[in-house]
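Trainee: I have a model open and want to go over its surface. Can we take the side chains step by step?

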Amino acid sequence: IGGEKMQKTLSADLTRVSKDKVKFEITKNNYEAFCNAVGLYNEEFLEALKRSEADHKAGRITKRKSLIEIT
């Protein structure tokens with residue numbers, strides 16, 4: 001298995017909210033596995049959060065209306 005990550009299957013209830021939106025719900029027990037699956041525990045992501053917090057504290061901020069603006 002040397003270094004391979006085991007994947008956990010997550011179940012979620014998926015609901016269509018509108019033609020452009022969907023909503024999904026997971027249990028509290030699956031929350032940590034979900035965060036890991038989408039990369040929220042990824043070292044690069046955590047470092048980016050630290051840099052972002054430092055920029056914010058230093059006043060280096062840019063107001064955005066949407067996250068789409070940064071892509």
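Trainee: Which residues make the nonpolar surface patch of about 490 Å²?
Mentor: Keep in mind that this is a predicted model. Patch members need over 30% relative accessible area and no salt bridge. The residues that make this patch are Val38, Leu40, Tyr41, Phe45, Leu46 and Leu49.

Trainee: Is Phe45 buried, exposed or partly exposed?
Mentor: Phe45 has its place in helix H2, residues 43–57. Buried means under 20% and exposed means over 50%. Phe45 has 34% relative accessibility, so the class is partly exposed.

Trainee: How many salt bridges does a search of the whole structure find?
Mentor: The test asks for a side-chain nitrogen of Lys or Arg within 4 Å of a carboxyl oxygen of Asp or Glu. Glu25 and Lys23 pass, at 3.7 Å from N to O. For the whole structure, the search finds 5.

Trainee: Which residue forms a salt bridge with Glu53?
Mentor: Look in helix H2, 4 residues from Glu53, about one turn of the helix. The closest N and O atoms are 3.6 Å apart. Glu53 is partly exposed at 46%.

Trainee: What is the N to O distance in the salt bridge of Arg60 and Asp55?
Mentor: Arg60 is exposed, with a relative accessible area of 55%. Asp55 is partly exposed, at 30%. Their side chains meet with an N to O distance of 2.6 Å.

Definitions and conventions. Residues numbered from 1 in each chain as written. Predicted model: local features only at pLDDT ≥ 70, side-chain atom pairs only at ≥ 80, totals over all residues. Heavy atoms only, no water. Patch = residues over 30% accessible without salt bridge, like charges linked within 9 Å, V, L, I, M, F, W, Y side chains within 5 Å. Areas by Shrake-Rupley, 256 points an atom, 1.4 Å probe, with all protein chains shown as cover. Helix = DSSP H or I, 4+ residues; strand = E, 2+ residues; numbered from the N terminus. Buried < 20%, exposed > 50% of the residue type's maximum accessible area, 1.4 Å probe, protein only.
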